[in-house]
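Colleague: Could you put the model up so that we can go through it together? I have a few questions as we look.

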Amino acid sequence: MVPNSVAVTIEKPNDFSLVEMNGTDASLLPEKQKAVSRKQFTWFLLLKAHRIFTCISWLAMASKGILVSVKKRISISDTSEEDKRSRRLYRFIKAFLAISIVALVIEIIAHFNKWNLKLIQPWEVQGLVQWSYMAWMSFRADYIAPLVISLSNFCVVLFLIQSVDRLVLCLGCFWIKYKKLKPQINGEVYDTKDSSSFPKVLVQIPMCNEREVYEQSIAAACQLDWPKDRILIQVLDDSDDGNLQLLIKNEVSSWQEKGVNIIYRHRLIRTGYKAGNLKSAMACDYVKDYEFVAILDADFQPNPDFLKLTVPHFRGNPELGLVQARWSFVNKDENLLTRLQNINLCFHFEVEQQVNGMFLNFFGFNGTAGVWRFKALEESGGWLERTTVEDMDIAVRAHLHGWKFIFLNDVKVLCELPECYEAYKKQQHRWHSGPMQLFRLCLPAIITAKISRWKKANLIFLFFLLRKLILPFYSFTLFCIILPLTMFIPEAELPLWVICYVPIFMSFLNILPVFKSFPFLVPYLLFENTMSVTKFNAMISGLFQLGSAYEWVVTKKTGRSSESDLLALAERESKSPSEEKILRRHSESGLEMLNKLGQSELPRPKKKNKLYKKELALAFLLLTASARSLLSQHGVHFYFLLFQGLSFLAVGLDLIGEQVS
């Protein structure tokens, strides 16, 4: 039982009255209780009012700051370079937005007038607007809703198939981790005392206008730990800037004077982009003396032991055509855009590439940080200029000729992620339009190839259709078109597990390889849906051979170096003058070259943030749909559409990634 008396002890018993109370009857001091209650209530109201005014003030200041930023962005942004060939998709989205706004206005009028088709009889209809609304509801239920339901069901089935594929890949990765499976080296290691026991390796560095990174890429390749008489480095410069060509030549010459076997090569006829550059280099007579070819893009910085960790896997394995290393990113924590890219690419390498390499001995070549057997390249037809994904093209043709690939998850090569949205968007467009080009070209060869039916099915249905075509199709159609459409067609409303539970679970699986990025789970999910418009547009342009599918834009670099690179540079700079990184030239030719560079140096164009019209149109479309869902009191649907619309708005205003002041 609760005691009915309380004893109170007070340390300073001066000037006070002691009242003993028994029981819990509060009516003994009604006047005192009233006085205390009024005082507490007054302070409570004042506190609440203070918090409300503080919140309103903060929201007003934040809104003002955002509006000022948006106004500045709109005034200085440039939309003239927007891809003209994608105007059809933009017009479709804009028309869809206009219809949605009109429908929202009508729905608001119907909501406040409490119009309901089930409760109102035909003879009770008053006015043309109400009659039009009732006719629309009847037409919608009979004709439009069935079509939308069929399309949404089709997309949901594709969504589930792709989710199962991703789940199977994750289970394969868990199995590799559990069993500690790794590619093993067959045979004995090379004799370090006898350089003739090492195979001859050709290292190719293709580059085009890579002003920011050419020095560090050449330096990293020249410091590879391999016998000097068994390695040749080709710097394949496709730059169209004469000043930059002279700088790269000077860098190559400085390493030649140090005894490095390196040559500079520049094409006069620059066709075929990277594939044409590599094809031209492979046509040299001296290349045939080399057994393996290592390819390193201009922003890649391999560790000195890169070749010693990759080339030995070819020994005793004559069917092996490619050894692919993993990418590691020096600027992964630079901004939100690079963090989200890091999540995506870590899943690609640790799950997709590792599982396919371990269980299928096939995956798409990543274009760099890999070592090819020269014979595999030669038998597969070499580099072809027919697509913008020459790396995937040569990988598919090599697979059709029976060559096997392995992926080394533990061998990492430093590189750089694009830090601005413009560069990332162009990169993703090329990565998603090229595979569709390649699929059209390779399909007859896949069908007639002398490989097993399982390998043919894997190439056609999993490698191309599911992961390159279906994924961008359902992502854009389901979450950017059908979902907002169903807010105006309640009969076709999507279930919660489609828009919430399954996507969050799939995003969680994507984040597992880099679990410290777990706080970015929701931003990652929203950003991937935002990128679906770019990927869908690229997929369509590649599938139907539109003009933008043949565009190749070199991804912009900033030339960032890791902490270890800076320490190594400091160590090299501390050595004797004869061993410093870049030799100072005192010859007449060197001084003449420097004077020429100083006289002809041109101002570089200033970078600007841009506006992206398709993303902005989709932002307003999703926000309009979220307002409609608010009328219907759809909790999860409203929040998803609201935050997805804000995500599109941030991307459309180019507020993600590098900001140019």
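Colleague: Where does α14 bend, and by about how much?

Modeller: The bend in α14 is about 35° and falls at Ser532, taking the bend as the angle between axes fitted to the seven residues ending there and the seven starting there. Helices here are DSSP runs of H or I with at least four residues, strands are runs of E with at least two, and both are numbered from the N terminus. This is a predicted model, in which local features need pLDDT of at least 70 and side-chain atom pairs count only at pLDDT 80 or more, while totals for chains, interfaces and linings use all residues. Residues are numbered from 1 along each chain as its sequence is written, and side-chain values use heavy atoms, with hydrogens and water left out.

Colleague: Is α14 largely enclosed or open, then?

Modeller: Largely enclosed by the rest of the structure, because 20 of its 23 residues are buried, where buried means under 20% relative accessible area, exposed over 50% and partly exposed in between, with a 1.4 Å probe and protein chains only.

Colleague: And what comes just after α14?

Modeller: Just after α14 there is Gln545, which takes a positive phi of about 55°.

Colleague: Switching to rings, how many aromatic pairs are there?

Modeller: The structure holds 28 aromatic pairs, counting rings of Phe, Tyr and Trp (its six-membered ring) whose centres lie within 6.5 Å, with planes under 30 degrees apart called stacked, over 60 edge-to-face and the rest tilted. In one of these pairs, Phe292 and Phe314 have ring centres 4.5 Å apart and planes at 35°, so that pair is tilted. Phe292 lies in strand β4 and Phe314 in the loop between α7 and β5, so to speak of the chain, 22 residues apart. Both Phe292 and Phe314 are buried.

Colleague: In what sense do β1 and β2 pair?

Modeller: Strands β1 and β2 pair in the parallel sense over seven bridges, and Gln204 has Gln234 in β2 as its bridge partner.

Definitions and conventions: Two strands pair if DSSP finds at least two bridges between them.
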